[in-house]
Amino acid sequence: MMNNLKKDYIVAIGSSNVDIIGKSNNKIVLNDSNPSEIIITPGGVVRNIAENIVLLKNDCHLITVFGNDDFGNYLKKESVNKGIRIDNSITIKNAESAIYISVNNHHGEMLVALNNTNILNNLTPHFLKTKESILLNASAIVIDANLSEETINFICKKFKHKYIFADPVSLKKSKKLKKHLGSINIIKPNLSEAKCLLGVKEINKNTLNKVSDRLKKLNVYRMIISLGKKGVISYENDKIKSISLPRHRVDNVNGAGDALMAGLIHGYINHWEWDYTVLFSLAMASLSTQSPNTVNFKITEASVKKHIKEIIST
């Protein structure tokens, strides 16, 4: 069932930023100052995915951009300490590192977020051409839509024979991936992003057959549509179904989608069947929400498998 070849590694290309996350102690009162718990943690969609991949004992090379500032030094130090390889990343002088600010309600659910990832514009096709060898020899490539459209186009065309995972990041940024659905092997949008990518008005249990037909027409092989705490819609080669999750404690939803993506990558690397890979990924996301940090550092393959049993028995 599993392949433990030590030469296998994943290359993650995209955002690395500092997350500033505030969780209100009580119901949020607008236009007022709300007592909250506030933490600063390493973040960025692809960086978070990379950390989760490493927690599962996989080798991961992160190609990202750091600013030459305190936040950049913090991100580099934390990434190296977590076991993420960053020697193929770049540091830009006199540039501010990317920052993400999330305002969460007292249930740990995001109300609004702000981000500045402009520094990622330095990840150009010209730069990635210098990393061609490591990309060509990777077992898989994962990207996020924080990258420029030019860079996404380059990756999807130049490395189309590689297994590519993509995270749309947000509704606005997801549009960069729309014309590449046929060359991306696994993509993980949320509900609003999926509607945009597929050009449909409704996605629910009653429209699954229509969604499946649309995915087939667009030459999509695998897609996971995240429904948040309600679970996911899983699609693989004409087969589509909705999978729900039992209710559980939630401390922080930030990073849950990144953990889910890491689970999908882990399943692929280990040649697991799709249905089990999806279940593993859901359990991974569930465990992620039970930590105040963007990445739950307590996650291991064993803990995720144990949590699968808890989910099934619920």
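Four strands make up an open sheet with mixed pairing, in the order S3-S2-S7-S8; strands here are DSSP E runs of at least two residues, helices are H or I runs of at least four, and both are numbered from the N terminus. Two strands count as paired if DSSP finds at least two bridges between them. Strand S3 (36–43) and strand S8 (110–116) are the edge strands, each pairing on one side only. From one strand to the next the twist averages 15°, with axes fitted to C-alpha atoms (for helices over the stretch in contact) and angles taken from 0 to 180 degrees between N-to-C directions.

This is a predicted model, in which local features need pLDDT of at least 70 and side-chain atom pairs count only at pLDDT 80 or more, while totals for chains, interfaces and linings use all residues. Residues are numbered from 1 along each chain as its sequence is written, and side-chain values use heavy atoms, leaving out hydrogens and water.

Within the sheet, strand S2 (residues 17–24) and strand S7 (residues 98–104) run parallel over seven bridges. Asn17 has Ala98 in S7 as its bridge partner. Helix H2 (residues 70–81) packs on the sheet and touches S2, S3 and S7, contact meaning heavy atoms within 4.5 Å.

Leu208, Val211, Ser212 and Leu215 are buried, and the buried residues fall within an arc of 100° seen down the axis, so they line one face of H8. The arc is that of the directions from the helix axis to the C-beta atoms. On the other side of H8, Asn209, Lys210, Asp213 and Lys217 are exposed. Buried means under 20% relative accessible area, exposed over 50%, and partly exposed in between (1.4 Å probe, protein chains only). The cover over the buried residues includes helix H7 (191–198) and strand S12 (222–226).

The aromatic residues give another view. Rings of Phe, Tyr and Trp (its six-membered ring) pair if their centres lie within 6.5 Å; planes under 30 degrees apart count as stacked, over 60 as edge-to-face and the rest as tilted. Tyr163 and Phe165 form a tilted pair, 5.4 Å centre to centre with 50° between the planes. The rings of Tyr163 and Tyr268 have centres 3.9 Å apart and planes at 15°, so this pair is stacked. Tyr163 lies in the loop between helix H5 (149–158) and strand S10 (164–167), and Tyr268 in helix H9, 105 residues apart. Phe165 is buried at 0% relative accessible area, whereas Tyr268 is partly exposed at 26%.
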